[in-house]
Every structure is written in C-alpha cells, then in structure tokens.
Amino acid sequence: MKLTSIIVEDEETSREILKNYLKKYCPNVTVLGEAANVDEALVLIRNHDLDLVFLDVEMPYGNAFDLLDKVGDTNFETIFVTAYNHYAIHALNAHASYYLMKPISIDELIKAVDYVTEIKTKEDALQDQILVPKTNMVAGKITIPQLDGFEVLNTSDILYCKADDNYTEIYLNNNKKKIVSKTLKHFEEALGNSSFSRVHKSYLVNVNEVVKYVKGKGGSVVLSNGKQVMVSASKKSDLLSYFK
C-alpha cells in the first residue's frame, strides 16, 4: 500500500537522513513535502491529502503538539521523531502511531511504517465496504464516495447513470452531475432492487423518469429532462418488462 507523507523537522540534515532512509528502506512511502516549522507544516497539511506525518517534537515558534492542536481532527497517522524520550506519554495522548528516537534505527523505522501501513490498509478495507454504492440498508438511498467520506443521494433524484471507463457520471433531476470512481456495473448491482434498467452498455436509467419509448431494433427512451438514450436490442425486453 502506498502512503503519502510529509516530514516536519527543523534540522535539514535530519530531514535528509529520514528522506533517504524512506527512499531506500520504505519505498511505499512518498514524501510530498518538508517543513521546518509549524507554519510551514500547516500549509502542507492543508494542501495535501496525507496518510502519514513524520513529526519532530521541538521546533522554532512552536512544537509538535501546538501543530496538532492547530490542525484539529486529522485523517493522517503521526510518527513522532525526537531525541527526547520524555515526550512519549504526551505523544501517546496525542494518538501517535509510533515514537522513534534519534538517531533513527532503520529497523524501528521499517517497523513504524509497517504499522501505519497495516492501520491504513484496515481503514481502507472498512471504507470500501461502507462506500460501495448500495441501497439495501436505507430504503431509497445510495452512497457515493468522496475524499472526506461519502454523500447520500435519493435514488429518486437520479435520472440516469452513464459509463465513462472506470468512472460513472450520475445525472440528477436538479441538473447536477456527480462523477464517481466506480464502474457502471457497481451502480447496476447497487440499484438492482430499484426501478433502474441497464438499457445500454453505457447507460443505466431510472424507469420512473421515462416519458416516451421510440420503436426500433432496440429503440430509445426519452427521459423527463428531454434526454434521449439508445436502447440495445439485447436490453429491450428487460426495459419493456417494467411497462407491462
């Protein structure tokens, strides 16, 4: 599993040592930036989606705990890197994932990164279970993933879904569009117990929004917003079964 990270450390030599260790011994960690003080660290944290922060305790104009107080709720794990062991209890209270003493032991660094990787892998597995689009838990609702969690949509608000490679475009009746990094098949399965029909390899339509069917080998349907969608010949009978 890949981890995005930053290094917060006021000593340039220490930053270089840690960065080189990570590159050589922890290749799954990508260092997106470095900060020498609290203010620089805040900018990096707010501008990046981070999995991990390597955090020195003592810095100019504030320490690690001042930084964490300013950040508030965090989505990243923290590995403290310090020459002082008397901060260990405070770090534990700050929900640190690991506490590394300087000079850094390569074995301990690898162990720390492995531990965070395990945490993040479990979090992602749990999140994937939650964020797979589904309607079976709450009637008439579907979840779609976002960077900071998920959004809940009313299935009745969906006009149609359109495939775009491994993404799906969801068109709503308020003229809004959502782009989700899930395939159309995910939504076909999620909405299988609702009034949605896969009329084409690229389209899944809400049959409640169909206002007209145009004859043809497969034909086409016109939706309530005027959108006309072609119907594959192989999908024609499935669609028409909703209107018998």
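Start by selecting H2 and H3: H2 passes H3 in a right-handed crossing, meaning the near helix is turned clockwise from the far one by less than a right angle. Helices here are DSSP runs of H or I with at least four residues, and strands are E runs of at least two, numbered from the N terminus.

A quick note before moving on: this is a predicted model, where local features need pLDDT of at least 70, side-chain atom pairs count only at pLDDT 80 or more, and totals for chains, interfaces and linings use all residues. Residues are numbered from 1 along each chain as its sequence is written, and side-chain values use heavy atoms, leaving out hydrogens and water.

Now show side chains where the helices meet. From H2 (residues 38-47), pick Val38, Asp39, Ala41, Leu42, Ile45 and Arg46, which meet Leu67, Lys70 and Val71 in H3; contact means heavy atoms within 4.5 Å.

Next, select Val8. Its contacts include Ala35, Ala41, Val53, Met59 and Leu67, leaving aside residues up to four places away in sequence.

Colour Ile6, Val8, Val53, Leu55, Leu67 and Phe80: they have the most contacts inside the largest nonpolar core, which has 20 residues. Such a core is a set of buried (under 20% relative accessible area) Ala, Val, Leu, Ile, Met, Phe, Trp, Tyr and Cys residues joined through side-chain atoms within 4.5 Å. H2 gives the most to this core, with five residues.

Last stop: select Tyr160, which is buried, with a relative accessible area of 5%.

Technical notes: Axes are lines fitted to C-alpha atoms, for helices over the stretch in contact, and angles run from 0 to 180 degrees between N-to-C directions. Buried means under 20% relative accessible area, exposed over 50%, partly exposed in between (1.4 Å probe, protein chains only).
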